Amino acid sequence: MNLIRLEEVLKAEPSFRLKQAKQAVFVDLLDNWDKATNFSMQLRSELNENCPLSIDAEFFQSIKEDSLKALITLSDGLKIETVLLRHSDGRNTVCLSSQVGCPMGCLFCATGKMGFKRNLTVEEIIEQAVLFARLLKKEDKQINNLVFMGMGEPFLNYDNVLGAIKFLNNKNNLNIGARHISISTIGIIEGIKKLANQSLQINLAISLHAPSNELRVRIIPANKKRPIEKIIDAINYYLDKTGRRVMIEYIMIKDFNDSVEHARQLAELLKQIERPLYFVNLISFNSTGEFKQSDSVKIKQFREILIRQKIETTLRYRFGQDIKAACGQLAVNE
Ligand code: SAH
Ligand code: SF4
């Protein structure tokens, strides 16, 4: 899909055409201008030539049919992944990528291991949602939630991520409510603070994953420059400004961060968050390399300790492990 030349192609047309064209792409979700029957044949073919709607994607369906991964080839040949998660209640979440690869190099994350290629443009981010919106429309369904939990660190591509969010949130486009859009960050302080100052109702998730700097730096190199205390400061700033709840993400890695002592340390650490406007999401780890998934008994025990300390704690359900579409498994081998 490439709409950069849309206005140029429609320059000689009456002004309402542009609105019609955008409606065709983002509301009617057409995948070919030939289907825009309110346009002349000539205009349709001009649009097809200059503003193609096709998205070059290959799909991988998980056995349980709860997730569908798409491998999209971008115009420069680089590839990104995006995932549709189908919930049992009929709701649909799309997990978007913000970068090709990721420069943060977290040791447990497949995307981090592939290195960083480049930031995605606004259109390349939007395209991922459009791809699944088209597919769901055929089933009379729609995207209910968007999460920036695919490849990349969204706050290192702040302007394009926010640009795409504002676009997708717009009533004239996909109309996805801000409250149903979430950004997950490894703890980019500047991004958290910037978001705090925007009057947007989107959700923020922080990938904490360890209760001390000593432990965190062993899996997240970026923790050197952005230690936990700075992240907590940024969270407090965000809570002050927005009053919106923050999700603290914590992946459970076997014999690394999953002991009773770690749970107690985490509970202690979280007391530094000034308002009780947060909850912890314990994520079952998708094994990569030397890191393994915690036993479910350990996860239960960890959760109970947090709950006893009055910290709301949820467990994240695992999707699409068989097609490597689960968190931290998105990587393109090239
Ligand atoms: N860069 C951002 C967003 C993308 S990662 C971030 O790190 O927050 C989305 C989530 O998946 C993060 O919480 C990330 O830490 C987590 N994740 C990465 N690798 C994982 C793995 N192997 N198993 C489970 N979760 C993982
Ligand atoms: Fe990047 Fe997030 Fe993976 Fe870390 S966990 S390498 S920040 S995508």
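Analyst: Between domain 1 and domain 2 there are 0 salt bridges. This result comes from a predicted model. On the side of domain 1 that touches domain 2, the residues by class are 6 nonpolar, 2 charged and no polar.

The area of the boundary may be described next. About 840 Å² is buried between domain 1 and domain 2, and 62% of this area lies on carbon and sulfur atoms.

The two parts themselves are as follows. Domain 1 covers residues 3-50, and domain 2 covers residues 57-323. Taken over C-alpha atoms, the centres of domain 1 and domain 2 are separated by 35 Å. To the contact between them, domain 1 contributes 8 residues and domain 2 contributes 10 residues.

Side chains of opposite charge can pair when their charged atoms come close. Over the whole structure, 14 salt bridges are found, whereas the count between domain 1 and domain 2 is 0.

Several examples show where such pairs occur. Arg5 and Glu8 form a salt bridge in which the closest N and O atoms are 3.3 Å apart. Arg5 has a relative accessibility of 37% and is therefore classed as partly exposed, since this value falls between the limits of 20% and 50%. Glu8, at 44%, is likewise partly exposed.

Another pair is Asp31 with Lys35, whose closest N and O atoms are 2.7 Å apart in a salt bridge. Asp31 has a relative accessible area of 31% and counts as partly exposed. Lys35 is also partly exposed, with a relative accessible area of 48%. A further salt bridge joins the side chains of Asp240 and Arg275, at 3.9 Å from N to O.

Covalent links between cysteines may be considered last. A disulfide is a covalent bond between the sulfur atoms of two cysteines. The count of disulfides in this model is 0. Two cysteines can be described by their accessibility. Cys106 has a relative accessible area of 8%, so this residue is buried, the limit being under 20%. Cys109 is buried as well, at 16% relative accessibility.

Methods:
Residues numbered from 1 in each chain as written. Chains lettered and ligands numbered in written order. Predicted model: local features only at pLDDT ≥ 70, side-chain atom pairs only at ≥ 80, totals over all residues. Heavy atoms only, no water. Domains from an automatic or database assignment. Contact = heavy atoms within 4.5 Å. Buried area = accessible area lost by both parts, 1.4 Å probe. Salt bridge = Lys/Arg side-chain N within 4 Å of Asp/Glu carboxyl O. Nonpolar A, V, L, I, M, F, W, Y, C, P; charged D, E, K, R; others polar. Disulfide = S-S within 2.5 Å. Buried < 20%, exposed > 50% of the residue type's maximum accessible area, 1.4 Å probe, protein only.
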